[in-house]
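Hi everyone, thanks for making time. I have one structure to walk you through today, so let me put it up on the screen.

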Amino acid sequence: TEITIFEGANYALTHINSLREKKNIDIEAAVASRTDEPEWAQTCMDWLIVDDGKSLTSCFAFVELGFSDKKEHFKRLREKTGIPY
């Protein structure tokens, strides 16, 4: 099975990377995903490349991949970032 980045996500992340680099805008993005295979998910993020040549991993300042549910992921993101949701 081929693994790809959704077209809309690819577009958005490439645009965010452009804003960071060309306009020096400080944007920190986060991703959270529940998975039975967090190490494999991280490997996929390392291997997947958005249109500007950057890895999916490099697009995110905060990554939460693991067995727990989304509520737990968002709780940890809130603790890491200090941003309430």
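I'll go from the overall layout to the inside, then the surface, the cysteines and the charged pairs.

First, some housekeeping. What you see is a predicted model, so local features need a pLDDT of at least 70, side-chain atom pairs count only at pLDDT 80 or more, and totals for chains, interfaces and linings use all residues. Residues are numbered from 1 along each chain as its sequence is written, and side-chain values use heavy atoms, with hydrogens and water left out.

Okay, the layout. The protein has 3 helices and 2 strands, and if you read along the sequence you get the pattern α-β-α-β-α. Helices here are DSSP runs of H or I with at least four residues, strands are runs of E with at least two, and both are numbered from the N terminus. Taken along the principal axes, the C-alpha atoms fill a box of roughly 35 × 35 × 20 Å.

How much of the contact count comes from residues 24 or more positions apart? Among contacts with a separation of 6 or more, those pairs account for 58%. A contact, by the way, means heavy atoms within 4.5 Å.

Now let's go inside. Of the 85 residues, 28% count as buried. Buried means under 20% relative accessible area, exposed means over 50%, and partly exposed is in between, with a 1.4 Å probe and protein chains only. As general background, nonpolar side chains in soluble globular proteins tend to be buried together. In this model, the largest nonpolar core has 9 residues: Ile 5, Leu 13, Ala 29, Met 45, Leu 48, Val 50, Leu 56, Cys 59 and Phe 60. A core here is a set of buried Ala, Val, Leu, Ile, Met, Phe, Trp, Tyr and Cys residues joined through side-chain atoms within 4.5 Å.

Leaving aside neighbours within four places in sequence, Met 45 is in contact with Val 31, Ser 55, Leu 56, Thr 57, Phe 60, Val 63 and Leu 65.

Asn 10 counts as buried because its relative accessibility is 12%. Not counting residues up to four places away, Asn 10 touches Ile 5, Val 50 and Asp 51.

There's another asparagine to point out, Asn 24, in the loop between H1 and strand E1 (30–34). Asn 24 is exposed, at 69% relative accessible area. Its phi is near 55°, a positive value in a residue other than glycine. For context, most residues other than glycine have a negative phi.

On to the surface. The accessible surface comes to about 6100 Å², and 54% of that belongs to carbon and sulfur atoms. Those areas come from the Shrake-Rupley method with a 1.4 Å probe, and for residues only the protein chains shown count as cover. Which residues form a nonpolar patch on the surface? They are Ile 3, Trp 40 and Trp 47, with about 380 Å² of accessible area together. Patches are made of residues with over 30% relative accessible area and no salt bridge; like charges are joined within 9 Å, and nonpolar side chains (Val, Leu, Ile, Met, Phe, Trp, Tyr) within 5 Å. Ile 3 is in the segment before H1 and counts as partly exposed, at 42%.

Cysteines next. How many disulfides are there? The structure holds 0, a disulfide being a pair of cysteine sulfur atoms within 2.5 Å. The sulfur of Cys 59 is 15 Å from the closest cysteine sulfur, in Cys 44, and that's too far for a bond. Cys 44 is buried at 10%, and Cys 59 is buried at 1%.

Last topic: charges. A search of the whole structure finds 5 salt bridges, each a side-chain nitrogen of Lys or Arg within 4 Å of a carboxyl oxygen of Asp or Glu. Glu 21 pairs with Lys 54, with the closest N and O atoms 2.7 Å apart. Glu 21 lies in helix H1 and Lys 54 in the loop between helix H2 (38–47) and strand E2 (62–66), so this pair ties together parts 33 residues apart in sequence.

Then there's Glu 64, which is buried at 5%. Glu 64 meets Lys 80 in a salt bridge, 2.6 Å from N to O. Glu 64 is in strand E2 and Lys 80 in helix H3, 16 residues apart. Salt bridges that share partners join Glu 64, Glu 72, Arg 76 and Lys 80 into one network.
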